[in-house]
Amino acid sequence: MSTPARRHFICSLDQLLDCGGACALIDGEQVALVRVGEEVFALENRDPFSEANVISRGIVGDLAGQLVVTSPVYKQHFNLRSGRCLEDESVSLRTWPCGVLDGRVWVESLQQQTSRGVPGRRRLVVVGNGMAAMRTVEQLLEQAPDAYEITIFGAEPRGNYNRILLSPLLAGDTDWAQIMLHPLEWYRERGITLHTGDPVVSIDRRRKRVISAAGVIAGYDRLLLATGSDPVRLKVRGHDLPGVFTFRNIDDVDGMLKQASSARNAVVIGGGLLGLEAASGLAKQGLAVTVVHIRSRVMDRQLDEEAAEYLRHSMEARGIQFRLAARTEALDGEGVVQRVLLEDGSELPADMVVVAAGISPRTELARQCGLHCDRGILVDDTLQTYDPAIYAVGECVQHRGLTYGLVAPLWEQARVCAIHLAERGVTRFRGSRPSSQLKVSGIEVFSAGDPTRVTGAESIRYADRAAGIYKRLWVKDNRLQAAVLYGDTRSAAWYAELIEHQRDISAQRDELLWAEPPATGSAA
Ligand SMILES: Cc1cc2nc3c(=O)[nH]c(=O)nc-3n(C[C@H](O)[C@H](O)[C@H](O)COP(=O)(O)OP(=O)(O)OC[C@H]3O[C@@H](n4cnc5c(N)ncnc54)[C@H](O)[C@@H]3O)c2cc1C
């Protein structure tokens, strides 16, 4: 597969000294290349204060947690990733997309790539390089491999990885390489242009083009927005102290693991699925963990009271403590987080805090360019936004009033969206009733439907505390509405399927709690 025309290979990585720089001429401009470990950064070589071409000879280091290069003339510091000057926020060096491929350093031209394009192929630009975006691209390539020339922008500085596996990554049960879904070669082999670490900052709908933080301009015939969600941040004093983390990406996990190596006490704020997985991961790293949850039971959105009690007991047996129905008043410490203050006046020691208090769809780009948004970017059943040239998938989307935070509905969105991008049919996304399963090894918990909101349903229940098994199903009009399982989740996939497709269960009703799922071959 050919190399994208706008990418310049400069030298081998070995030719750059670690924490050293070199200068390259790209499209007639001097570009400073700076290496830090296995990473390479490309910035304007001209120092705006002295007007000398000297940045490639600057001193490289870490300043207040930011990687910087210092101008050798007047000593201003420039952030290597954004180019921003630390002393004067109004000044920035331009940055270029760059990276290392097969041991060779490449830099991408900033020249506009709008007008050209392969004859006969339309241009698809994808904003977001996460799970929903890449599932859509994969499906599109299967449906219509030659229909589009594809350009992807990702804010994160890497290929696409399995975000779900961040929990086992934190627990030390897997590693970075194992969770990678699409490494950089995957894109190269398919002729896809990928801009990593370079978020799109604006969309010009009139001229049908996007502009990235590094200044790349890409024209589109179709645009796909898949910007995911932001973790909700606490609006309390001390929320931004060092040692306070969110749990959304690989950098968060890296930061947590570093902090955990010298910490003793961790507080996790949020007792939902993500909070419990974070708590379990940190406990596995040897920390004393307390979960603070605003509601009176854990996983209150997915579990009924009894299942939540079973779960809490199991986690307590692993040494995790809980403060339920508790509100955080402030995070406190001298220069770094040291304690969590609760509204009831109590105080929890904390060398680190993980905030897992929910997510909110990332819609700012869509709003800026005038796309209709509510909580998420509004889409119809074909995943099209109010602009017919722009589609959206994933957690950033609101469809029929709902937003989703689990991958199963996003896979379905991706499938439908790809079909429409490929112009291969009339399939529709009609919404989904997702199910969830806690990823804490040794604890089996499953929930499907929305057990906390079912009305007018009959419930079938079995509980055996000694054996640690609890099952409850909600049935209405011979259709399964919701299910909660603790301790024995063998029928989970079957129940999820019955709920999703609203199948008639009258034939299995008497044995529904005990019938083997059909996949085992002995269904009732
Ligand atoms: C720790 C953890 C555990 C989870 N466990 C489960 C589970 O067990 N089961 C389950 O179903 N789901 C789970 N999820 C949820 C699941 O990972 C998400 O539903 C899924 O990743 C959402 O996909 P997405 O593509 O919408 O968003 P993401 O995967 O978040 O991708 C969005 C990407 O877009 C990028 N982006 C944003 N703005 C821009 C921009 N302007 N320009 C360029 N790029 C941009 C972001 O940086 C991000 O990389 C978990 C999530 C986490 C964090």
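Modeller: Two strands are said to pair if DSSP finds at least two bridges between them. Strands themselves (E, at least two residues) and helices (H or I, at least four) are DSSP runs, numbered from the N terminus. This is a predicted model, in which local features need pLDDT of at least 70 and side-chain atom pairs count only at pLDDT 80 or more, while totals for chains, interfaces and linings use all residues. Residues are numbered from 1 along each chain as its sequence is written.

Colleague: How do you know that S2 and strand S3 (residues 29-36) pair?

Modeller: Six bridges join S2 and S3 in the antiparallel sense, and at least two are required, so the two strands count as paired. Within S3, Gln30 stands opposite Leu25.

Colleague: To which sheet do S2 and S3 belong, and in what order do its strands lie?

Modeller: They belong to an open sheet of four strands with the order S2-S3-S4-S8 and antiparallel pairing.

Colleague: What makes strand S2 (21-26) and strand S8 (95-96) edge strands?

Modeller: Each of S2 and S8 pairs on one side only.

Colleague: What is the order of the open sheet that has three strands?

Modeller: Its order is S25-S26-S27, and the pairing is antiparallel. Strand S25 (328-332) and strand S27 (347-349) are the edge strands, each pairing on one side only. From one strand to the next the twist averages 20°, where axes are lines fitted to C-alpha atoms and angles run from 0 to 180 degrees between N-to-C directions. Four bridges link S25 with strand S26 (residues 339-342), and Leu341 in S26 is the bridge partner of Ala330.

Colleague: Why is Val200 called buried?

Modeller: A residue is buried if 20 or more other C-beta atoms, placed from the backbone, lie within 10 Å of its own, exposed if 12 or fewer do, and partly exposed in between. Val200 has 23 C-beta neighbours inside 10 Å and therefore counts as buried. Val200 is found in strand S16 (residues 200-204).

Colleague: Which residues does Val200 touch, not counting those up to four places away in sequence?

Modeller: Val200 touches Val127, Phe153, Val210, Ile211, Ser212 and Leu365; contact requires C-beta atoms, placed from the backbone, within 7 Å.

Colleague: Which way do the residues of strand S34 (residues 445-448) point?

Modeller: Val445 and Ser447 point one way, Phe446 and Ala448 the other, and all are buried. In a regular strand the side chains alternate between the two faces of the sheet. S34 pairs with strand S33 (residues 435-437) over three antiparallel bridges, with Ser447 as the bridge partner of Ser436. Four bridges also join S34 to strand S37 (residues 479-486), again antiparallel, and Phe446 stands opposite Leu485 there.

Colleague: How is the protein divided into domains?

Modeller: The division is into domain 1 (5-114), domain 2 (122-230 + 360-422), domain 3 (244-357) and domain 4 (444-511), with bounds from an automatic or database domain assignment. The centres of domain 1 and domain 4, taken over C-alpha atoms, are separated by 57 Å.

Colleague: Which residues come nearest to the ligand?

Modeller: Gly128, Gly130, Ala132, Gly228 and Gly394 come nearest, out of 33 residues around the ligand; a residue is near if its C-beta atom, placed from the backbone, lies within 6 Å. Domain 2 and domain 3 each give at least three residues to this shell. Helix H1 (131-143), helix H2 (166-171) and helix H9 (407-421) each supply at least two.

Conventions. Contact = placed C-beta atoms within 7 Å.
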